[in-house]
Amino acid sequence: MTHDPKAMDEHAHDVVTLAREGMSARAIARALHIGRNRVRRLMRKHARARAEPHSALPKKTPRARPSKLDRFAPKIADLLERYPDITAQRIFEELKAAGYEGGYSIVRMRVRAIRPRPPVKISLPTPTYAPGAMSESDWSPYKIPFRDGGVREVQAFGYALVYSRRKCFSFHETNDLHALMDGHILAFERLSGVAAQTKYDSQKPVVLRWEGGQPIYNPRFIDFATHYEFSPYACTRASPNEKPRVERSFWELERSFLNGRSFVDMRDLNAQLVDWLDTVCDVRKPRAGQRAILEAFAEERPHLSPLPRHHYDTARVGYRVCDLEGCVVYQTNRYEVPYDYVTDILPVRITAHAIHIYAPDLREVAVHELRRKGAGERAELSSRRVPDRRRPDYARLEASFAALGDGATDFFAGLRRAQPRSTAYHARKIIALRERYATADVHHALVHALRYGAFDYRSIERILLARAAPRRLDEYVTETTREKIETAWGRSHTVPRALPEYDELPCHRTRPQPGDDPCHHHEVLPVAPEQSAQPNLSPATQHAPSSASTSGPSASSASTMTSSTRSSISRSPASPPTPSSSSESSASPLAPVPSDGSSDGSTTPG
């Protein structure tokens, strides 16, 4: 074997010495901070050197033969220049798309010769979990040069199953709570199940704060986790090694997916991501001693919790003022609604791909596809009429000001005189202040500005800043609910009656006695006009003589009606009345005595 001092490895002597002392390859690699394969390679090279003749002459270099990669050398150099961290596997995929018919090994050796291999880092031990017991989730930001809008920063959501190592990714505009829940739903749908527990870092959508070493979770996210029956687990702060699967998965996403690809927009980015997950990530060949990802996932799939019949609603809900052009503004984009809701405060529900606009009574009035944030586009509503844009609708503006209260119409008239060419502009700005301030505060500001002749919206805004506090959403909802109740029920209230009026109301009807006319107790007697305002009395009371000398049951009924009626009213109709004294029962027509002289204790409701 020829001797080449330049080809000698700096660790060869240390490896041979430690091996002679009986250390294993793993122990040598750990002691010298090098890879185990490098230790074995040095040992094999040392064994061949001792078995072959030694020569001080340099080894003859063989003449290079033509390779299938020769015509692709410029493309390999271009990819390495544009993406310095691109992997050999990713270059192999690009070459296959360009017509390369060779294998992967020569591509890997060519890339290794052009770009030296970085030193190997020792991996830390990771805990093991049962199938379906643990998953990991995290975010990673990336700046993507889109072909339709320059460079934009997007957030990559990652979700990885610890047991099977199957990974799910999705890209979002933000990494807030709503985007986090949307990313989870996409991952759950791809996996057709949910792991029992998921590890997170201290991101605000999951952990609001730490108290006494314990995490305080976000209640909305806890409600989301309850819906899908999994438990969040907050890792120790500043300890990314506690969730190594998802942290390492972003390295794979950067090297294997983002490198060497270009994207038109977010929709194209996520479409290519799904194709990469299906054709590359899930079917990747495992390393020595590992099972294929899909094979391990087939074992883990039965242990995942099933999905609910309906997904959790992750939409954002808020309120927006409809401007005078009939549009609702969200993220600098304008979404049209019917003109009937101009100047109204409308509920808005924003999902991942659409914006739903509702009337004040929560009827859906418009649905638009969500436009890109900051695009400044206008989403048209085809079903609404085209307004006359030649001049502002002053009648509608005046009606909106009149609804604010007394004095607002006078302010609008003064505004038209003071700002004849920009009346609509100032009026629209003033009405839009109802979104932040109470209607009464806006009305008081208009009255104050009218007193001093300040006819512009900036003056109204300064008055509100000095004299009023911005209202919260719950205050607006309370005011709207009160107005709806007053409109539906009115402002009238029931006036309580005096108790003697209830005492005079008839509640019983007398039974006919043997020998009486059967129609006598059922005839309806006319009421005199002067008595129409008096409380209605029973027929027995109306027939009672007015003379004080009259005696008998009719005479005593007038004196006993108040007490007997009050006691009968206080009793439930379903229960029999309590028998009264014998004198009252014999004198009052409201408690008649049967012909046999016994009282049955029952009454007939009047």
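Among contacts in the protein chain between residues at least 6 apart in sequence, 63% join residues at least 24 apart. The model is predicted, and the protein chain has 21 helices and 14 strands.

Me: Why is K243 called buried?
Reply: Buried means under 20% relative accessible area. K243 has a relative accessible area of 2%, so K243 counts as buried.

Me: And what makes K243 and D138 a salt bridge?
Reply: A salt bridge needs a side-chain nitrogen of Lys or Arg within 4 Å of a carboxyl oxygen of Asp or Glu. In this pair the closest N and O atoms are 2.9 Å apart, so the pair counts as a salt bridge. D138 is buried too, with a relative accessible area of 6%.

Me: Is E173 buried, exposed or partly exposed, and how do you know?
Reply: Buried is under 20%, exposed is over 50%, and partly exposed is in between. E173 has 37% relative accessibility, so it counts as partly exposed. Its salt-bridge partner is R152, with the closest N and O atoms 2.6 Å apart. R152 is buried, with a relative accessible area of 12%.

Me: What about D176 and R316: buried, exposed or partly exposed?
Reply: D176 counts as partly exposed at 26% relative accessibility, and R316 is partly exposed with a relative accessible area of 22%. These residues form a salt bridge, the closest N and O atoms being 2.9 Å apart. D176 lies in the loop between strand 3 and helix 7 and R316 in strand 8 (residues 316–321), so this pair ties together parts that are 140 residues apart in sequence.

Me: How many salt bridges does a search of the whole structure find?
Reply: The search finds 24. Some share partners, and these join D323, E325, R334, E336 and R378 into one network.

Me: Now to helix 13. How do you know that its buried residues are on the same side?
Reply: In helix 13 (residues 408–418), the buried residues are A408, F411, F412, G414 and L415. They cover an arc of only 165 degrees around the axis, which puts them on the same side of helix 13. The buried residues pack against helix 12 (394–402), helix 14 (423–432), helix 15 (439–452) and helix 16 (457–467).

Me: Which residues have the most contacts inside the largest nonpolar core?
Reply: They are Y159, L161, F188, F221, F224, Y228 and F230, in a core of 27 residues. Strand 2 (150–161), helix 7 (177–191) and helix 8 (219–228) each give two or more residues to this core. Helix 7 gives the most, with 8 residues. A second, separate core of 24 residues includes Y394, I431, Y437 and A449.

Note on methods. Residues numbered from 1 in each chain as written. Predicted model: local features only at pLDDT ≥ 70, side-chain atom pairs only at ≥ 80, totals over all residues. Heavy atoms only, no water. Buried < 20%, exposed > 50% of the residue type's maximum accessible area, 1.4 Å probe, protein only. Helix = DSSP H or I, 4+ residues; strand = E, 2+ residues; numbered from the N terminus. Arc of directions from axis to C-beta. Contact = heavy atoms within 4.5 Å. Core = buried A, V, L, I, M, F, W, Y, C linked by side-chain atoms within 4.5 Å.
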